[in-house]
Each structure stands twice: as C-alpha cells, then as structure tokens.
Amino acid sequence: MSLYSFAQNSSKAVVAGKVVAANGEALAGVTVMLQNTSHGAITNDKGEYEINSVAEGSYTLVARFLGFETFEESITVSGSEKLSINITLKDASLELGAVEVVGKSESQLLREQPYAVAAIRTKSLYNSSANAKEVLNRVSGVRVMEEGGLGSNLKFTLNGFSGDQVKFFLDGIPMDNFGSSLSLNNIPVNTIDRIEVYKGVVPVWLGTDALGGAVNIITNKKNNFLDASYSIGSFNTHRVSINGANTNAETGFTFRGNANYNYSDNNYKVFVPIRENNNIVDSANVERFHDRYRSGTVKLEAGFVDKSFADNLLLGIIASANDQQVQTGATMNTVYGGIVRNSESIIPSLKWNKENVFVEGLNMSFFNSYSNIKSEVIDTLRGVTYNWLGDTTYTPGSNNGELSRTYTTLTDNEFSSQFNAGYTINTKHSLAFNYAYSYFHREAFDTENPDNVENQFPKSIRKQVIGLAYKLDVSPKWSTTFFGKAYLLKAETSKQFDFGQTTQRTEAVTSNKDNFGYGVASTYFLLSDLQLKASYEHTYRMPWANEIFGDGLFTQDNPDLGPEQSDNLNVGAAYGFRMQQDHQFNVEGSFIYREAKDLIYQVVKVSSPVTNYDNLAETRVLGVEASASYEWKNLLRLGGNITYQNITDQADSIYNESYTNTGYQKNFQKGFRLPNTPYFFANANAGVTFPEVVGSGSTLNFNYYFSFVEQYFLSWAELGSRDSKKVIPRQTSHDVELSLSLNEGKYNVSVECRNLASARLYDRYYLQKPGRAFYLKLRFAL
C-alpha cells in the first residue's frame, strides 16, 4: 500500500470533466470513480468533478447517479497529464403498468408512501399527440368518459367515484374553478412531468374534500429547457404547444411559462336516427355539423428559486379562453345547430415554499390565487329545430330557442388560499398541517330573460378544510400515517317553493354544514421489493358550484343538494423482480371497498337533453384492480391492467316528494348497479424501441394500446322492459404510435392512429366518440 501511494503522488495525473443529463442540464452529486480503485470524486453544483493523484495506467471510468444509467468508459492515463472526460448520463426507466419508475425518483418515492397512489411518468409520451385525458385513461381504476371529440365535456371516474368526488390539482393548486378552457383534454402531455393519482384516501397536504380520490398534475420543473410541438390530425384538428424556462444560476431569477392552442371541427361521423316532425324515418351515418371547438391557454410565472428567503417564490398568471359549438345535449336524441358556449379565465397566483424555516426540519408552503371566469351560454335561434342531416324546420311566430332561448352570462369569482406546514421531529416522528380556504361567488344575467327571478339572488359558496397528520416511521420497512380533517361549508342560493300553487315563490336559502373526517394509512415492505399497503378514511365532500347552481344550459340547479360522505378502504400489494439482469417483471393489485351515503350523482333521462345532480341515500362499491408489466433491456415493453367495480344502491327506502304521496317509499333500485358508469374494463400496451436506427443519438419507438369496456346500462337496470332497456354496448379500441427521435431527442416526429378498427365507441349517455383518426406531430426539445 505504501508503494502504491507513493506511485500515486509522484505521477500527479488528473482526470476531470463535467457530468450532464441528456438534455444538457448539469448534474450535482454524481459519483465518478476509477473502477477497482479508491480514487473518485463527487460533482459540484455545476456538474464538475476532478480526480487527483492518478497513477499512470489504464482504467475504467465509472459514473453513477440515481435515476440514470451507469456510465463506463475505458481510459489511459500517462505521466502527469490532465485528462478531460465529459460525461452524459442517460435516463434509466422501467414501466410498471401505469407507473414508470425512474430510480428512486419522486415517482418511486411517491409509490412507497402508504397511500394507494399511482404515479405516471409522461416523458416517454412527449412525442405522442396524447393529452392528460388519454394518459389517465390507461390507469387501472380510471375511466375518463367524454361526450364527444376534442374539447367535449368529461366525466372522470375513479374506483366508482366521479365528477367532483375526485378533485384535480395543477402543481398542487385546486382546479375547481379554472374554467372549461383549462381541462384535462386541453393540457398537452409535453407540459407534464408526471401525474399522481390518489385512489380513495387523499393526503392532508392537498387540502381538499375529495370523496373518492385526487389527481395532481405536475408540470415540468426544470430550470432551463424549451419544448415546442405542433400536431395536425383528422377532423381538421390542430394543436400547438410551447413551454420552457430560463433561470439565472447566480441570481436565482427564473421565468417560466407554457402556451397551447387547440382547434378541431369535430366533424366525425355518427350513427343516429333521422327524424322528421318528431318521427324517426331512418338511421344513417352522418357527419356532425355543429361541433367546432377552439381554445388557448397561456401560463406564465416569474420569481426566484433556491434563495435564502425561499426555495420558490413565484408570481404567476393563467389566461385562457375557449368557444364551442354545441351539437347535442345529454343524449343524442336531440341535435342543435345554433347553440354555442364560451369561456374566458384570468387567474393570478402567488406561490412560496421554503424548507428548514426558522429551525431544521420545519417546511412551509403558501399559495394564493384569484379566479375571474366569464362564461356565456347562447341559444337565440327562434322557432328553428334541426335534425341530424342538418335540415331545419321553422315554426312561424315561435319565440322558443332550440332548448330554452337564453343568452346567459355567468361571472364566477373565486379566491383560494392554501397553507401547508410540515415538521420532522426526528427520524421516526413527523407532523403535517394544512389549511385551505376558498370563496366562490357567481353572478348570472340572461339578456333574453332579464327578469329571471333566480338570477336576482346571491349564489356563493364558502369552504374551509383543515387537516392534521402524524407520521410514524417504525422502521425503514414500516410507515404509518394518522390524520384528521375538518370540513366547513356555507352556501347561499335560491329555491322555488310551492310550485304550481297560488303561493309559488322563490326565496333565498342559506345552508351551513360542518363535518369531521379521519383516517389511517400504512405500508410495510415484507421484502425489499414486496410492498404491502392498507389505508382507510372516513371522509366528506361538499357539493360544488355547478352541482348546486347548474351550468346555465344542460345542468339544472338543485339547492337541496347535501354533502356526501364515504368510508374508503384500500388494501394492496406490489412486487417487482428482475431475472438475469435483462428481464424486469412487476405486478400490483388492490382491493377497494366504499360505503357512501348521500352520494351525489347525475340523473340521466334517456328522452331529455337536460340533467341534474341528486343524492343517493346509500351506495356500496366493491372492486379489485390489478396490473402487470414486463420489460427487456429497455427495448421491449409489455403491460396491462384490469378493473372490476360493482357500485350498487343499498338504500332500503327513498324519499319521494309529490303532491299526492310525499314521504318515504320502498326503494326498488336496491341491489342494482349504478347506471351510466362502467363496471368492468381493461387496458393493455406493448412497445418496442430500436436505438441508433439512423445514426448515433436516434431512437425509433413503436407503441400499441388496447382498451376494453364491458357493456353497461344507461339508466337503472330494473326500469323498463327487457327489449327497451338502453345499454351502452361492449367496446374495444386499438391505438398505434410510431415515433422517431434524432440528436438525443432534440428533433422528433411521430404518427399515430387512434381507434384503428373504427369501432363505434360510446361513453357518457350513449354519446358516440370519433371513429378512426390519424395524427402527425412534430416536436423540438432543448
């Protein structure tokens, strides 16, 4: 050892350089070593390393960093030279069903929490024309039911819960009142780093009253990057996305933003009945003629990062707008040729967060936003009705609109604030506190009916959620979190009394609700790669704006709507193992149990385009879901998942309010499955990667996606005769993608075909979705 040491010191050779990621970002904390020696270094915050006193000879230079492939290169050192070796590390990724795990990345750490949660990494999808909706639709337990093509209304279901029962967040910020121009089908995948899906139990820090889960969309947080794309496709669809950031390493000043634009005629063909004078005379495949959609969004943030006063201090603003022609209502029995709706949103915000505030282990974050959203519903054609051929029928002298003759302007204002604090007492004990406050106010005015009494009453909701959690890490294998939440709601609206009687009137009503929830979540690693999870929560959700007040068009108001509550239980396990280093297998499964009271659901009438929300006294969800995946050398990927969820009405009696028979009556729906909700569905995927196909740094990817949904009833199964029951049929669909990346992902082109077999696909209310569609996408990334 003495001779070896002397030889090192006498040569005084140096190996130095810089370590960066594939996108050029400097990597700090990378371990760089000469294999089988004691010589090594760790990169600084600029990604630089320097290994001194290297003896003359041949070595293998090795660089390792969590989440990246190991780098190895043979080098020869002579004399006292300074050898410069720059290193580029490539991402190391493997796919687990709907979960892509990147080393001990944030996604992996998230999955190791005791909550039932899926973390979907989207990096591998950046060349796809998919948006957040398509990505989520491939997750076990999730169905995103849409009413048509691009920009259509969505119904998100998660383990049997849907609508506002599942809350959405953008970077932890509630999306309750972002407006229709900023929704799942408007967020391009290029802007998303990952999507977190909490199933059932929701952690305290999100500060929400979700009943059945939450979805948190995390956007790209890199300090310096640029990503721009343009796609064109069937039905005259165009989508543009530009997002990026620039950060000064010395001052910490950062400016980041993204912009996207979406347009589609949505003129795909549908198979529909043709009516003449309210009589069905034929059925035919016809082209939708009044379904154009366009939207645009700009999101900008500026501030400071990595400073003594804040890890992040950002002022931001979101500006978005959309306009949409309306082709149908809640069903396809009625078709429209003149109804339109549009929306404009301005949302300024302030974010601040800091770790180790005042004392070591105390972390705080604060968020404020103000939303101003103006939306219009326009139905001003008088005495005109359309059929699916676009033919019109005129009724002379009629002042009726196609639905209700209205030009309603809804002005929604919401202030939202959220504060989080977490304190790590020691390695085994930690606390978390959250306080979330929101105030929503709506003003409505109808120029076609300026004396509308309901529009003259206040419409407001004030909501507070307070949460406290305690985490106990018994050992590196076992972690448990206990938590409690308080929910406070005050709603002001109006209600009509004594309909049809001489005392009929509309009066202002106020509702105050206070509820308390609690829960526990625990995880245990039976083996290093075998994780067991269990979580339980007794929770509440307060009704939100559109559920109580309606949307001014197809959704009617219900001032009597009450809060819903649920007991949620999740039990699951995940296991991953590797064979011969090249074969990675992963399996995951969970059991779901839900007991919900006063469940808020959307009432669908087959013959009516109008819906409303109501409470179901008691419901039960029993379900299982499972996923499996296989990967070989990062070149071949196979995966799939399956979900079964039996959602049934469990109330013995229901309250019926009528003029002749008001009171509780036997519930003939007891034991029947909740209508208009899929109960059995599955997804599968396969992918092949061909590296270096057209030169160094090039990659060719092929992906295939399969979806299956079993048939389900549109309305309650016990209603109507066997032959007249409305059923949404069994459905299968196939999507394929082919993408080529050049220059380490700098230049990208992809082609995609959705619904390859052009099957008739239906989702919500038996509304038909597009048939076969093709898309071309060009993308540039730095």
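Predicted model: local features only at pLDDT ≥ 70, side-chain atom pairs only at ≥ 80, totals over all residues.
## Ground rules

Local features need pLDDT of at least 70 and side-chain atom pairs count only at pLDDT 80 or more, while totals for chains, interfaces and linings use all residues. Residues are numbered from 1 along each chain as its sequence is written, and side-chain values use heavy atoms, leaving out hydrogens and water.

## Rings that pair up

There are 16 aromatic pairs here. To pair, rings of Phe, Tyr or Trp (its six-membered ring) need centres within 6.5 Å; planes under 30 degrees apart are stacked, over 60 edge-to-face, and the rest tilted. F253 and F304 make an edge-to-face pair, with 5.7 Å between centres and 70° between planes. The two sit 51 residues apart, F253 in strand β21 (residues 253-264) and F304 in strand β24 (residues 293-307). Strands here are DSSP runs of E, at least two residues, numbered from the N terminus.

F253 has 39% relative accessibility, so it counts as partly exposed, and F304, at 31%, is partly exposed too. (Buried means under 20% relative accessible area, exposed over 50%, partly exposed in between, using a 1.4 Å probe and protein chains only.) Elsewhere, Y575, F577, F585 and Y630 form one aromatic cluster.

## Charges over rings

R754 has its charged end over the ring of Y775, 4.8 Å from the centre. This label needs NZ of Lys or CZ of Arg within 6 Å of the ring centre and within 35 degrees of the ring normal. R760 lies over the face of F271, 4.1 Å from the ring centre.

## Positive phi

Most residues other than glycine have a negative phi. N236, though, has a phi near 55°, in the loop between β19 (225-233) and β20 (237-247). F358 has a phi near 70° and is exposed, at 76% relative accessible area.

Conventions. Helix = DSSP H or I, 4+ residues; strand = E, 2+ residues; numbered from the N terminus.
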